[in-house]
Amino acid sequence: MNISITGNNISKIVDDIKNKLIEDSSELLDLIADKVVFPSIKENFKSEGRPERWADLTEWTQRERIAEGYPPSHPILYRSGEFFRNSTTKQGVIYDLGKKELKMTCPLAKGARLHYGDGNLPARE
């Protein structure tokens, strides 16, 4: 989106911006993903939940992590880095950018299960 400011008619400029965004918000949505959404998801991984911390890992999961060569309890939701990469970058997620909507989906089958929880697995939103 290119916007030129060459005078004192701010309300016309604002109206032009609104009209362009109504027609096609894809550049703004793409910018929001880069500057807000992905950094926020990365911070959630780093802090292991915000504002409330994620539930601690069960003893079973800790034993499983040790057997696989990973630290027993931290970082939560991070072993090989696959889930992190597939949740925090345009290259990792299914990135469906349209004129008025942006959908981002983790392509991993376990992604939704890890995020929303399932049975004994607590949600880590």
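Modeller: Let us start with the word patch: patches are made of residues with over 30% relative accessible area and no salt bridge, where like charges are joined within 9 Å and nonpolar side chains (Val, Leu, Ile, Met, Phe, Trp, Tyr) within 5 Å. The areas themselves come from the Shrake-Rupley method with a 1.4 Å probe, and for residues only the protein chains shown count as cover. Leu 28, Leu 31, Ile 32 and Val 36 form such a nonpolar patch on the surface, with about 320 Å² of accessible area together, and Val 36 lies in helix H2.

As for the source, this is a predicted model in which local features need pLDDT of at least 70 and side-chain atom pairs count only at pLDDT 80 or more, while totals for chains, interfaces and linings use all residues. Residues are numbered from 1 along each chain as its sequence is written, and side-chain values use heavy atoms, with hydrogens and water left out.

Colleague: What makes the pair Lys 90 and Asp 34 a salt bridge?

Modeller: A salt bridge is a side-chain nitrogen of Lys or Arg within 4 Å of a carboxyl oxygen of Asp or Glu. The N to O distance for Lys 90 and Asp 34 is 3.1 Å, so the pair meets the definition. This pair links distant parts of the chain, since Lys 90 is in the loop between helix H4 (82-88) and S1 while Asp 34 is in helix H2 (residues 26-47), 56 residues apart. Helices (H or I, at least four residues) and strands (E, at least two) are DSSP runs, numbered from the N terminus. Asp 30, Asp 34 and Lys 90 are linked in a network of salt bridges, and the structure holds 8 salt bridges.

Colleague: Why is Phe 84 called partly exposed?

Modeller: Phe 84, whose place is in helix H4, has a relative accessible area of 22%, so it is partly exposed. Leaving aside its neighbours within four places in sequence, Phe 84 is in contact (heavy atoms within 4.5 Å) with Lys 42, Phe 45 and Tyr 78.

Colleague: What makes up the largest nonpolar core?

Modeller: A nonpolar core is a set of buried Ala, Val, Leu, Ile, Met, Phe, Trp, Tyr and Cys residues joined through side-chain atoms within 4.5 Å. The largest one has 8 residues in all, namely Phe 45, Trp 54, Leu 57, Ile 76, Leu 77, Phe 83, Leu 108 and Leu 114.

Colleague: How do you know that S1 and S2 pair?

Modeller: Two strands pair if DSSP finds at least two bridges between them. Here 4 bridges join strand S1 (residues 94-97) to strand S2 (residues 102-105), so the two strands pair, and they run antiparallel. Asp 96 has Lys 103 in S2 as its bridge partner, and Ile 94 stands opposite Thr 105 in S2. S1 and S2 form a hairpin with 4 residues between them.

Technical notes
Buried means under 20% relative accessible area, exposed over 50%, partly exposed in between (1.4 Å probe, protein chains only).
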